[in-house]
Amino acid sequence: MNAIVTPQIRKGPPKPSDALSRIGGKAEPHEMHDPFDIGEALTTLSLSGEAVTVFPAGWVEPLLARIASVDPELPHFVFDFTGSELPPSGKAILVASLGGNAKLQFELDQQWKTLPGQPMHVAAEFPPSCMVLNRRAARRVETPVGVNYTAVFRCNGKLVDLPLYDFSETGVGLRATPEQVFGLHVGKKLEGVRLELGPNLTLTADLEVRLLRPFRTFLLGEQVQIGCSFSTISMQMKETLERFVTSGAVERRAVAR
């Protein structure tokens with residue numbers, strides 16, 4: 001397994017106070033099925049070290065774990081149960097917080113066997129779906145093929161020009177080669193980014209890097225997904241972007257991930 005090694009700034013082992021409740025029956029979550037989006041959510045948890053609350057079937061008290069790594073190419077990831085005990089074989093419901101304002105919940109049914117030489121690490125495959133409460137409340141629009149959508153900014157004194165693959169009212173998604181992301185890290189502030197959204201709209205905003213996830217494509221080879229949120233954007237530009245997103249001016253890109 002060619003896993004992502006998470007940075008050392010992540011949180012320490014989960015504490016009992018980190019435990020979350022399951023999504024309630026009266027809540028209105030939506031289901032996430034796209035493996036790319038599921039991988040993005042799991043990678044976010046891995047990078048932050050956020051606690052994952054594990055409810056084994058038939059148990060009253062939950063267990064706590066973290067996601068140690070996510071494979072950049074395959075739908076595989078690894079749990080770290082350090083400071084806890086391992087779940088019994090069978091089904092378990094898992095719940096985690098995404099950025100403090102969203103909750104991710106999914107179910108796994110497996111043997112929970114540890115990896116060789118790693119007594120508290122357990123490998124798992126991506127769940128087929130996840131319930132998500134309040135994730136991506138803003139509509140996300142994918143950029144169309146054949147139109148030049150880019151983000152231009154300076155990083156470490158160099159001018160960087162990266163393609164956008166999607167955007168919303170709250171942020172943008174970029175694509176880069178491993179060489180192009182040198183100097184970027186989660187939490188990095190990008191000031192004065194020029195967003196060129198086709199031939200008719202250019203905006204300037206400050207961004208914050210929220211996600212860096214390697215992946216591989218058939219045509220482009222090794223790539224890195226960069227998820228950014230708007231940290232500063234003028235009200236006029238925000239209103240312009242909202243109109244642009246909600247007007248349906250951009251057709252979703254029909255590309256299989």
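Residues are numbered from 1 along each chain as its sequence is written, and side-chain values use heavy atoms, with hydrogens and water left out. Because the model is predicted, local features need pLDDT of at least 70 and side-chain atom pairs count only at pLDDT 80 or more, while totals for chains, interfaces and linings use all residues.

**Cores**

A nonpolar core here is a set of buried Ala, Val, Leu, Ile, Met, Phe, Trp, Tyr and Cys residues joined through side-chain atoms within 4.5 Å. Buried means under 20% relative accessible area, exposed over 50%, and partly exposed in between (1.4 Å probe, protein chains only). Helices (H or I, at least four residues) and strands (E, at least two) are DSSP runs, numbered from the N terminus.

The largest nonpolar core has 29 residues. Leu-164, Val-172, Leu-174, Leu-197 and Ile-226 have the most contacts inside it. At least two core residues come from each of strands E11 (149-155), E12 (158-167), E13 (171-176), E14 (189-197), E15 (202-217) and E16 (221-232), and from helix H2 (235-246). E15 gives the largest share, five residues. A second, separate core has 28 residues, including Val-54, Val-70, Ala-92 and Ala-96.

What does Leu-197 touch, leaving out residues up to four places away in sequence? Its partners are Tyr-149, Leu-164, Phe-167, Leu-203, Leu-241 and Phe-244. Contact means heavy atoms within 4.5 Å.

**Helix H1**

H1 covers residues 35-48. Its 14 residues should span 20 Å at 1.5 Å a residue, and the end C-alpha atoms are 20 Å apart, which agrees. The expected span is 1.5 Å times one less than the number of residues. Eleven of the 14 residues are buried, so H1 is largely enclosed by the rest of the structure. Among the buried ones are Phe-36, Asp-37, Ile-38 and Glu-40. Just after H1, Gly-49 takes a positive phi of about 75 degrees.

**Aromatic pairs**

The whole structure holds six aromatic pairs. Rings of Phe, Tyr and Trp (its six-membered ring) pair if their centres lie within 6.5 Å; planes under 30 degrees apart count as stacked, over 60 as edge-to-face and the rest as tilted. Two of the pairs share Phe-79.

| Pair | Centre to centre | Angle between planes | Class |
|---|---|---|---|
| Phe-79 and Phe-81 | 5.8 Å | 45 degrees | tilted |
| Phe-79 and Trp-112 | 5.7 Å | 45 degrees | tilted |

The pair of Phe-79 and Trp-112 links distant parts of the chain, 33 residues apart. Phe-79 lies in strand E4 (residues 76-80), and Trp-112 in the loop between strands E6 (103-110) and E7 (114-115). Phe-79 and Phe-81 are buried. Trp-112 also counts as buried, at 3% relative accessibility. One aromatic cluster takes in Phe-77, Phe-79, Phe-81, Phe-106, Trp-112 and Phe-126.

**Single residues**

Trp-112 has a positive phi, near 55 degrees, though it is not glycine. Asn-156 has a positive phi of about 55 degrees and is not a glycine either. Asn-156 sits in the loop between E11 and E12. Is Asn-156 buried or exposed? Asn-156 is exposed, with a relative accessible area of 54%.

Gln-223 is in strand E16 and is buried at 6% relative accessibility. Its side chain makes a polar contact with the side chain of Arg-175 at 3.2 Å. A polar contact is a pair of N or O atoms within 3.5 Å; within protein, one must be able to donate a hydrogen and the other to accept it, and residues adjacent in sequence count only if both atoms are side-chain atoms.

Cys-155 is buried at 6%. Cys-228 is buried at 6% relative accessibility. The structure has zero disulfides (cysteine sulfur atoms within 2.5 Å).
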